[in-house]
Amino acid sequence: MLELRPGCENCNKPLPPDSLEARICSYECTFCVTCVDTVLENVCPNCGGGFVPRPIRPSRKWKGDNFLGKDPASTSVKHRPIDPVSHARFAAGIKNTPPHKR
Ligand SMILES: [Zn+2]
Ligand SMILES: [Zn+2]
């Protein structure tokens, strides 16, 4: 189950569970769409993978106990701003590698 982390790891912008701006990698490293598009170039600085929009967990109890009331979002902040210069170098190496060999 996703942790639904509370904010962007780079700029610390709040990303509540219903945010349409939250982006996650396969390890759930969490960033805002602005950082993913403008700073990260869709490359996760922690694992080198890409990002997808984070799904929204329902706030209402539509079915069973599968909702935020039972499984609330994480409140543990991970704020580790990236260094843009070294990230650009990292991202370039990955982008120069064919997708099936990443
Ligand atoms: Zn951000
Ligand atoms: Zn990652």
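In this predicted model, the count of aromatic pairs comes to 1. Phe31 and Phe51 form this pair, which is edge-to-face, with 5.5 Å centre to centre and 80 degrees between the planes. The pair links distant parts of the chain: Phe31 lies in strand S2 and Phe51 in the loop between H1 and strand S3 (52-53), 20 residues apart.

Phe31 and Phe51 are also among the residues with the most contacts inside the largest nonpolar core, together with Cys8 and Leu40. That core has 13 residues, and strand S2 (30-32) and helix H1 (33-38) are the elements that give two or more residues to it.

The zinc ion (ligand 1) is coordinated by the SG atoms of Cys8, Cys11, Cys32 and Cys35, at 2.3 to 2.4 Å. The site is tetrahedral, with angles of 102 to 120 degrees among its 4 donor atoms. The donor residues are spaced C-x2-C-x20-C-x2-C in sequence. Cys11, in the segment before strand S1 (22-24), and Cys32, in strand S2, are 21 residues apart and link distant parts of the chain.

The accessibility of residues from the two pairs is as follows.

| Residue | Relative accessible area | Class |
|---|---|---|
| Phe31 | 0% | buried |
| Phe51 | 10% | buried |
| Cys32 | 2% | buried |
| Cys11 | 39% | partly exposed |

Cys32 is therefore a buried zinc donor at 2% relative accessible area, whereas Cys11 counts as partly exposed because its relative accessibility is 39%.

Key. Residues are numbered from 1 along each chain as its sequence is written. Chains are lettered from A and ligands numbered from 1 in the order in which they are written. This is a predicted model: local features need pLDDT of at least 70, side-chain atom pairs count only at pLDDT 80 or more; totals for chains, interfaces and linings use all residues. Side-chain values use heavy atoms; hydrogens and water are left out. A nonpolar core is a set of buried Ala, Val, Leu, Ile, Met, Phe, Trp, Tyr and Cys residues joined through side-chain atoms within 4.5 Å. Buried means under 20% relative accessible area, exposed over 50%, partly exposed in between (1.4 Å probe, protein chains only). Helices (H or I, at least four residues) and strands (E, at least two) are DSSP runs, numbered from the N terminus. Donors are N, O and S atoms within 2.8 Å of the metal (3.2 Å for Na, K and Ca); water is not among the atoms, so sites may look incomplete. Four donors count as tetrahedral if all angles lie between 85 and 135 degrees; four count as square planar and six as octahedral if opposite donors are over 155 degrees apart and all others between 65 and 115; anything else is irregular. Rings of Phe, Tyr and Trp (its six-membered ring) pair if their centres lie within 6.5 Å; planes under 30 degrees apart count as stacked, over 60 as edge-to-face and the rest as tilted.
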